[in-house]
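Here's a quick tour of a few local features worth a look. Have the sequence and the model open side by side as you read.

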Amino acid sequence: MNIMTEKSLDDAVNAEMNARTNEIIKMRGDKVTVHYGEKQALFGVDLDVRQNQVTALIGPSGCGKSTFLRCLNRMNDTIDAARVGGKITLDSEDIYDPKIDVVELRARVGMVFQKPNPFPKSIYENVAYGPRIHGLAKNKAELDVIVEKSLQKAALWNEAKDRLNEPGTGLSGGQQQRLCIARAIAVSPEVILMDEPCSALDPIATAKVEELIDELRENYTIVIVTHSMQQAARVSQRTAMFHLGYLVEEGPTDKMFTNPDDKRTQDYITGRFG
Amino acid sequence: MGEHTVRSFDEELQHVDQLIRDMGDLSGAMVAGAIRALLTSDQALAQNVVADDTIMDAKQRDLDNSAITLIAKRQPMAQDLRAVVGAIRMAGDLERIGDLAKNIAKRVGAVGQSPTPRNLSHSIDAMAQLVLGQVRGVVDLYVARQAEGLKDLRADDQKIDIQYTAVFRELLTYMMEDPRNITACTHLLFCAKNLERIGDHVTNIAENAYFVVTGTQLPLNRPKVDETTTTVPA
């Protein structure tokens with residue numbers, strides 16, 4: 001048996017700490033506030049999103065987790081009454097800087113929504129649309145490669161390769177969601193935001209998407225909002241707990257689900273909330 | 001700690017917790033009974049202890065089933081998860097304490113028939129009282145969720161080890177004095193060893209209970225002073 005002395009234990013802890021500090025911060029929220037008209041939805045949220053990791057945002061309904069997620073690619077811009085304060089950076093660059101091209105930002109920070117929402121077009125066109133408008137392919141052959149690679153990365157290629165010209169809406173719910181992920185991947189984003197991507201899916205489709213999330217982590221940084229605590233525990237490396245517009249606690253997922261520091265986190269994940 | 005939104009979840013957790021308390025109480029009673037039976041050569045009491053072990057085993061099975069079902073149905077998190085997993089592990093140790101008490105009780109007949117030096121029972125009694133205090137203490141501290149107390153109790157195991165070493169030496173001396181003592185002294189040696197093992201199980205329970213209460217593990221190193229493995233007759 002391998003007996004760990006206190007010294008080697010200390011070394012292991014130190015190595016772990018160093019590995020953590022070496023992690024690259026892909027996106028950083030700095031005192032982020034959001035108002036919807038008069039109503040304040042987020043209160044000074046400081047949250048780092050680490051590169052090539054899955055960060056899960058959890059909390060009861062109305063806690064601000066989706067609001068925060070939508071700030072990360074400026075989806076809140078589409079809501080007239082929404083005002084965003086504080087600072088959000090992507091690779092240390094302020095994404096709310098007036099010089100930033102929002103369309104380009106959303107190509108770098110892609111999004112997958114709660115309900116699968118494929119365009120009413122063919123499977124091929126669903127994936128090809130983004131690369132085409134962003135001019136990522138010079139010709140049809142290059143576009144074909146992008147479509148195939150994206151569908152492969154989204155673990156949909158085998159099921160879709162013989163029916164690329166059929167409508168995307170004809171796929172099953174789980175397949176549609178993976179198509180939406182393929183569509184997000186097609187424009188080579190750096191960060192993928194997922195807003196409850198599995199809440200409309202059955203357990204098998206959910207498992208496939210979760211497996212996919214784990215694979216995507218190698219190439220992308222992922223932020224996921226989920227109502228399923230088990231899902232957050234399964235797919236993420238970091239978990240952030242929101243409540244009433246405040247960030248309550250953020251930390252390694254393993255710790256958050258076994259021994260969280262804050263009582264509100266404890267009450268929420270153990271099912272003791274109000 | 002507040003209540004769960006789903007009340008039956010609370011009831012299931014309480015059931016598991018109650019079983020741990022029951023097993024803790026029973027193990028205390030079994031150890032006390034076995035010791036008294038040994039020191040007073042009380043055969044009837046020894047039989048009771050042996051019979052109690054069946055109840056102990058049934059409780060452990062109930063706890064195992066309840067805990068597994070709870071995990072499958074509720075997917076407990078954080079302190080709830082620790083409480084359930086901790087209960088499974090503590091139940092294993094409590095069940096072993098019951099077995100060891102039963103083993104002491106079974107030896108009552110064999111020891112009673114031999115002319116045991118009377119003063120010998122004195123040092124075994126002292127060791128038994130220490131062990132009994134530990135068994136009762138650990139369950140009480142767990143129920144009261146007292147992390148510091150559990151930490152101290154774990155350290156107290158070394159007092160049992162010291163006492164065990166003393167009993168061991170003493171028994172060797174009696175056996176050398178008069179070979180007619182050997183049968184009884186050997187049985188008593190097993191009894192002392194059983195008590196020492198019970199102390200170790202209490203230590204495990206204390207460590208588990210500490211983890212359940214605090215979410216952190218106690219350090220691995222614990223002072224050990226059982227010297228019987230290196231003791232030779234002087």
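## Ground rules

Helices (H or I, at least four residues) and strands (E, at least two) are DSSP runs, numbered from the N terminus. The model is a predicted one: local features need pLDDT of at least 70, side-chain atom pairs count only at pLDDT 80 or more, and totals for chains, interfaces and linings use all residues. Residues are numbered from 1 along each chain as its sequence is written, while chains are lettered from A and ligands numbered from 1 in the order in which they are written.

## Helix H5 of chain A

Start with H5(A), residues 140-153. Its 14 residues reach 20 Å from first C-alpha to last, close to the 20 Å expected at 1.5 Å a residue (that is, 1.5 Å times one less than the number of residues).

Which residues of H5(A) are buried? They are Ile146(A), Val147(A), Ser150(A), Leu151(A) and Lys153(A). They sit on the same side of H5(A), because they cover an arc of only 160° around the axis (taken from the directions from the helix axis to the C-beta atoms). Buried here takes 20 or more other C-beta atoms within 10 Å of a residue's own, exposed 12 or fewer, and partly exposed is in between, with C-beta atoms placed from the backbone. The face turned away from the buried side carries exposed Ala141(A) and Val145(A).

## Who H5(A) packs against

The buried residues of H5(A) pack against helices H4 (123-133), H6 (157-160), H7 (173-186) and H8 (203-216) of chain A. Contact means C-beta atoms, placed from the backbone, within 7 Å.

Take H7(A): its axis and that of H5(A) come within 8 Å and cross at roughly 130°. (Axes are lines fitted to C-alpha atoms, for helices over the stretch in contact, and angles run from 0 to 180 degrees between N-to-C directions.) On the H5(A) side, the contact is made by Ile146(A), Ser150(A), Leu151(A) and Lys153(A); on the H7(A) side, by Ala182(A), Ile185(A) and Ala186(A).

## Two loop residues with positive phi

Ser92(A) isn't a glycine, yet its phi is positive, about 65°. It's in the loop between strands E4 (82-90) and E5 (93-94) of chain A. Ser92(A) is exposed because it has 9 other C-beta atoms within 10 Å.

Leu244(A), also not a glycine, has a positive phi of about 50°. Its loop lies between strands E9 (238-243) and E10 (246-252) of chain A. With 13 other C-beta atoms within 10 Å, Leu244(A) is partly exposed.

How values were computed
Contact = placed C-beta atoms within 7 Å.
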